[in-house]
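Let's walk through a structure together, feature by feature. Have your viewer ready, and ask whatever comes to mind.

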Amino acid sequence: MTGLIAFREIVLKVHSRCDLACDHCYVYEHADQSWRARPKVISPEVISHTASRLAEHARDHALPSVTVILHGGEPLLAGTARLRLVCEEFTRALHGIADLDLRIHTNGLQLSTRYLDLFDEYGVRVGISLDGDRAANDRHRRFADGRTSHPLVLAAVALLRSEPYRHLYQGLLCTVDVANDPVAVLDALVELEPPRVDFLLPHATWETPPARPDGAPDAYARWLLRIFDHWDRLGRPVPVRLFESLLSTLRGGPSLTESLGLAPTDLVVVETDGTLEQVDSLKSAFEGAAATGFNVFDHAFDQVAAHPGVRARQLGLAGVSDSCRRCPVVRSCGGGLYTHRYRDRNGFDNPSVYCTDLRELVDGVEGRTAPRETAPQLSDPAELARSQEELTRILLARLHADLAADPGWAQAWEMLAAVEQAGEAGADALDAVLDHPFTRTWVLAALDAARDGGQDAPEAARRLTALAAAAVLRGGLDLPAEVTYRDGEVYLPTLGLLRLGEPGTEGRAALHVTDEGYAVRDGRAEHRFGPTAGDARWQPVRTWSPGPDAAPVALEDLDPYRNCFPRPPRLRLGAGEAEEWRGRLDRAWALLHKAVPEFARAAATGLTTLTPLAGGPRSGGWGEAGRHGPGALGVPYAAGVRETALALLTGRRRTRLRALTEVADLYALDGEWLHRSPWRERPVPVSRLLADVHERVAVEAYRRATATPEPGGADRIHRALDRLSEAAELTVTGKSLVAELRYELKTVDA
């Protein structure tokens, strides 16, 4: 069967009765009472068949690991002998197929060293249900005769926390009751030093709504936010899965719990009689809601995975109600737990009965944490530059891992390491060549070649040797700098192109630093080249300054890896052409500073390299962002002053957004959200809409300042920003960027 989501988690009911009488228990106190007809204890036959079915499933789907959760009722009532059989059978069945993660969820009343010694032997981790302090726990978790269970649970946790069992302590599960004091509940749980705390909303549906003592639709959100605030003030002393899931999804990451988010379910339940069921919480909806009609004796897990009820919880965004699909927090709340959406008249096609709570909770956590969770690269150009520098080094290290066995590469890498170790001058010089934008282009191309199996190690080694040699020359280092040339020439990144032979020739040459610049030894002869030495064989990288206080910008028309833009680059400009282009750039930059000074200053930040591109301006004359590191921009050489100004402005906006998306999550990529765009016929993903708005805010400012406004341009941008504000896949950083764009547009409107 294709398209099935494999089950990675099995809930195994080893005992169907309990030694407590919790009045909020979904197994015994809610709609489904099927437990009454099932065996109290799981049989050896069910254990054996379930283990075999799981091994078969793991093998067929090549699962690296599976989790088996021993559950009930109260699973410890099954006794040590039956639990040992479970551990033995599953360990045997999964051996050599998948790693086995065994867990048990218990109320802890029966926990003793007999059980913990068994769990230690098989690595069974233990989660214990506890609703907080004694007052909170006694509200629901009592014996049938009304006695408190709290002291016995605390004794079980104390035993679990002691040596040699501490490593088995998985965490505490707490069911929320808004009648309890949230601060006291959290303090009581934190005092027990759990590895993790899970807060669970009490199971409810639209037919059996949750208790709301004050009648407020957001009572559970307010209770949980008080927990969050206290947890945050305490320095987040223990992981809380509910909060960490929200923080993860707000950053663009995955949900960490079944009760939130859009991740597909990968869990199946095995009852004591071998019946295969859907997630246990469905017992709260109606009699038979969890049933599938399958069992471990006659059916494979794949047959359960194809069940309509299971498939309904694997559809992501398509599996939630229409109103949820249009909600901006749907990535975080996921429409809530599937069970909590149930209504008699239309099943599960509804928002959660906790809908208002979930919206308030997500918004509350986001509002409290957005300043801390927003990526610093958004507002700090220096931090963005540092992150990009680090990214290039990470990619280069990955390439080294692929090519380290090649002798030529290894020799070049040693040369690079020698430069890095040559004090501050060497480190600075190496930074300069590694941060050259087309170093990134080369590394990415080499990684692509390695991934596709067509890697050219000699070519990669040539470029790495040239990088190291350029750093030696830039730093004035007394180190050997031997380069390999092909077709008679070698390009030294950031410096220039050196011709060492006739076209078609290959060889090696030694470079070194002189008092006046650089020199190359070719046989017995030494040829000087560089900033002050005249040598017709040397073509230096030209520069241009965008202003008296600005750092020089390289006019890069030599680097062979500059061919990374959507259109081809120009060949080396003649001296007259270069001077003419500098003049156009001067006038274009002056126009930008006069028309949109704030945007011009932002465009200048981080600009290091301009590459002349072939042909004239495309529609609007916009600049080109290529596959390179930050700081580079491609500008049509034949563009006029106004078009060049617009190309500088829009090109820098494109490269800035690209640089941001490479080091910060602006939006999640796990859904198929599409948005209507004011500029395009068909709906587009949020990445395209955000890129359009990011560019057009600057374009609108420029056109207004130059008396060439686009009719209705600002209105379209406002509409697009409104749609972005409702985009569920934007992260907190993405939303901060939208807020920044709103502010920019406001200054334009003013």
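A: The axes of helix H19 (residues 575-595) and helix H20 (residues 597-604) come within 5 Å and cross at roughly 130 degrees. That makes H19 oblique to H20; angles under 35 degrees count as roughly parallel, over 145 as roughly antiparallel, 65 to 115 as roughly perpendicular and the rest as oblique. This is a predicted model, where local features need pLDDT of at least 70, side-chain atom pairs count only at pLDDT 80 or more, and totals for chains, interfaces and linings use all residues. Residues are numbered from 1 along each chain as its sequence is written, and side-chain values use heavy atoms, with hydrogens and water left out.

Q: How are the elements and the axes defined here?
A: Helices (H or I, at least four residues) and strands (E, at least two) are DSSP runs, numbered from the N terminus. Axes are lines fitted to C-alpha atoms, for helices over the stretch in contact, and angles run from 0 to 180 degrees between N-to-C directions.

Q: Which residues make the contact of H19 with H20?
A: Contact means heavy atoms within 4.5 Å. On H19 the contact is made by Trp 589, Leu 592, His 593, Lys 594 and Ala 595, and on H20 by Pro 597, Ala 600, Arg 601, Ala 603 and Ala 604. By class, the contact has seven nonpolar, one polar and two charged residues. Here Ala, Val, Leu, Ile, Met, Phe, Trp, Tyr, Cys and Pro count as nonpolar, Asp, Glu, Lys and Arg as charged, and the others, Gly among them, as polar.

Q: How do I read a sheet, and what is the order of the four strands that form an open sheet?
A: Strands of a sheet pair through backbone hydrogen bonds, either parallel or antiparallel. Two strands pair if DSSP finds at least two bridges between them. In this sheet the order is S17-S18-S19-S20, with mixed pairing. Strand S17 (542-544) and strand S20 (632-636) are the edge strands, each pairing on one side only. Neighbouring strands are turned by 35 degrees against each other on average, direction ignored. H19 packs on this sheet, touching S17, S18, strand S19 (609-613) and S20, and its direction makes about 20 degrees with that of S17.

Q: In which sense do S17 and strand S18 (residues 553-555) pair, parallel or antiparallel?
A: S17 and S18 pair in the antiparallel sense over three bridges, and Arg 542 stands opposite Leu 555 in S18. S19 and S20, by contrast, run parallel and are joined by five bridges. In that pair, Leu 610 stands opposite Leu 633 in S20.

Q: How many residues of S20 are buried?
A: Buried means under 20% relative accessible area, exposed over 50%, partly exposed in between (1.4 Å probe, protein chains only). S20 is mostly covered, with five of its five residues buried. Ala 632, Gly 634 and Pro 636 point one way from the strand, while Leu 633 and Val 635 point the other way.

Q: What is the strand order in the open sheet of nine strands?
A: The order is S6-S5-S4-S3-S2-S1-S7-S8-S9, again with mixed pairing. Strand S6 (197-200) and strand S9 (291-295) stand at the edges with a single partner strand each, so one side of each is left without a neighbour in the sheet. The twist averages 25 degrees from one strand to the next. Strand S1 (residues 9-13) and strand S7 (residues 267-270) pair in the parallel sense over four bridges, and Val 11 stands opposite Val 269 in S7.

Q: How many disulfides does a search of the whole structure find?
A: A disulfide is a covalent bond between the sulfur atoms of two cysteines. The test is a pair of cysteine sulfur atoms within 2.5 Å, and the search finds zero disulfides. For Cys 87, the nearest cysteine sulfur, that of Cys 18, is 20 Å away. The sulfur of Cys 324 is 5.9 Å from the closest cysteine sulfur, in Cys 333, too far for a bond.
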